[in-house]
Amino acid sequence: MSERPLTLFNSYTRELETFAPLDPKNVRIYSCGPTVYNYAHLGNLRAYLFVDTLRRALMWKGYGLTHVMNITDVGHLTDDADDGEDKMERAAEREKKTVWDIAAHYTQAFERDLGRLNVPDPSVWCRATDHIQEMIDFARDIEAGGYTYALDDGLYFDTAKVPDYGHLGRLDLEGLEAGARVEGPGGKRHPSDFAVWRRSPGDKQRLMEWHSPWGVGAPGWHLECSVMSIKYLGRRFDIHTGGIDHRQVHHCNEIAQNQAYTRSGETGARMWMHNEFLVVREQKMAKSAGGFLTLQTVVDRGIHPLAYRLFALTASYRSQLEFSWEALAGARAQLRRLLLRIAELKAKAGEAEWMTTVAEAKFSRGAALDYLREAVEGPLSEAGRTWVDKLDAAVSDDLATPRALADLGELVETKALPPEERLRLVATYDLVLGLNLLHLEAKDLALKPAGATITEAEIAAAIEKRTAARQAKDFATSDALRDELLAQGVALMDGKEGTTWEWAPLVEAEVG
Ligand code: AMP
Ligand code: ZN
């Protein structure tokens with residue numbers, strides 16, 4: 001769209017780099033998808049909102065995309081570095097279901113969450129369990145290349161065999177060696193070595209297991225991402241994404257496997273991009289910790305999922321973001337203000353054909369954003385184009401969404417542009433922000449909180465009582481009644497035609 005280059009932070013070099021695709025018509029991206037043993041928590045969803053922003057930024061810059069995302073339905077242990085139990089099997093035991101039912105249930109829930117957050121599907125979804133034979137073939141190949149060794153419990157990758165193992169995570173290998181206990185016979189050669197194939201224990205059948213040259217067992221978690229990224233994107237592709245935790249173990253191991261498989265220093269992706277954590281009271285939100293927050297928790301409190309999307313966009317993907325209900329309610333209020341302002345603009349501008357185009361496409365899953373862009377930008381004045389330029393500057397600056405949001409806030413207020421042009425620009429910003437700004441209405445944000453037990457008759461009675469108090473100038477009572485209703489999820493609005501009400505979030509001070 002413009003001559004301005006797209007700058008992105010590459011974790012591999014730890015530098016901001018000008019993005020230069022291998023093939024400008026088709027930028028290839030791989031994202032580590034969820035391990036489907038539980039619902040995605042809000043932190044996980046932050047990772048996929050980051051990926052969606054990245055995709056939108058690339059489309060904004062006019063690139064075509066192939067985006068591959070995996071579903072981990074086998075092999076991920078409770079510790080990323082090969083210790084603990086299989087997360088899927090533990091969930092099956094916990095919920096007394098088959099592993100397959102667990103995977104199907106949580107995959108579906110994940111896809112639903114993405115839909116609610118206005119995150120379109122990737123070009124390819126791929127499941128680890130659909131690629132077992134390919135993983136075995138890959139493992140045989142790197143075994144033949146001399147990169148692995150067998151132990152009683154499986155096939156291990158020898159991390160000393162590849163150049164610069166752990167560079168991505170800036171791992172201190174000597175420190176690791178020194179810190180590790182001296183392993184007995186049968187132990188790993190180096191602390192950083194990892195399982196490529198884990199053999200099932202002789203006395204216990206695993207819930208998910210397959211025959212392999214190394215005995216009946218299951219693939220190591222890292223193997224799937226090497227195999228599926230190479231299968232769908234080739235040995236060299238543009239960008240690999242994941243949360244910041246993957247920089248230390250999972251992605252270092254993927255790189256090592258790729259180097260072994262290609263018998264070269266080939267790392268797979270040219271750029272590795274990682275989102276920082278969503279934290280709660282300075283602690284990473286984690287699936288295994290229990291009590292984590294899901295998107296459904298947010299909806300149950302009466303907060304629209306897109307308020308969470310806006311909340312996530314208020315921080316750079318490279319900064320930690322502190323979750324609190326107050327902050328989320330603040331994002332909801334910010335979204336509401338935007339929507340009210342946009343409704344005013346719509347009322348003034350009237351319907352235009354481009355709005356229908358946008359409405360029909362609804363930025364829905366798989367909609368081509370570049371096609372929409374033309375419909376949205378249309379003929380802009382010179383002043384209008386400076387707003388597009390501001391957006392481009394923010395996007396190009398390592399996906400500076402907080403800046404784009406701030407600019408959008410100013411844009412809706414600026415009197416310098418006619419309403420229709422402002423609306424066009426709002427829709428243009430939304431191509432990147434994905435907040436559904438032209439279709440969502442402020443009233444759509446008023447979700448009934450799951451915990452709200454008050455009946456409509458009770459609300460009407462309380463409003464009547466409050467009106468009487470106001471007429472008697474008893475403002476203490478009237479304010480108390482308003483606060484009581486709010487604590488029950490009911491917000492009052494006093495207008496010319498009297499008092500109306502709307503469901504409002506039930507936000508408690510405590511997270512949990
Ligand atoms: P998992 O389903 O546990 O494999 O994680 C899915 C994605 O979420 C991975 O890219 C993780 O790195 C990322 N992730 C996990 N916890 C958080 C968090 N608290 N904040 C942001 N991203 C996270
Ligand atoms: Zn992965």
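Donors of a metal are N, O and S atoms within 2.8 Å of it (3.2 Å for Na, K and Ca), and since water is not among the atoms, sites may look incomplete. This is a predicted model, in which local features need pLDDT of at least 70 and side-chain atom pairs count only at pLDDT 80 or more, while totals for chains, interfaces and linings use all residues. Residues are numbered from 1 along each chain as its sequence is written, chains are lettered from A and ligands numbered from 1 in the order in which they are written, and side-chain values use heavy atoms, with hydrogens and water left out.

The zinc ion (ligand 2) is held at 2.0 to 2.2 Å by Cys32 (SG), Cys225 (SG) and His250 (NE2), donors whose spacing along the chain is C-x192-C-x24-H. Because Cys225 belongs to helix α6 and His250 to helix α7 (residues 250-262), this pair ties together parts that are 25 residues apart in sequence; helices here are DSSP runs (H or I, at least four residues) and strands likewise (E, at least two), numbered from the N terminus. Both Cys225 and His250 are buried, where buried means under 20% relative accessible area, exposed over 50% and partly exposed in between (1.4 Å probe, protein chains only).

Helix α6 is largely enclosed by the rest of the structure, because 11 of its 13 residues are buried, including Trp221, Cys225 and Leu233. Just after α6, Gly234 takes a positive phi of about 95°.

Turning to the lining of the largest pocket, α1 (42-60), α6 and β10 (237-243) each supply at least two residues, and α1 gives the most, with six.

The structure also holds 14 aromatic pairs, which are rings of Phe, Tyr and Trp (its six-membered ring) with centres within 6.5 Å, counted as stacked when the planes are under 30 degrees apart, as edge-to-face over 60 and as tilted for the rest. Two of them are set out below.

| Pair | Centre to centre | Angle of planes | Kind |
|---|---|---|---|
| Phe50 and Tyr317 | 4.5 Å | 15° | stacked |
| Phe323 and Trp325 | 5.3 Å | 80° | edge-to-face |

Phe50 lies in helix α1 and Tyr317 in the loop between α9 (305-313) and β14 (321-322), so their pair ties together parts that are 267 residues apart in sequence.
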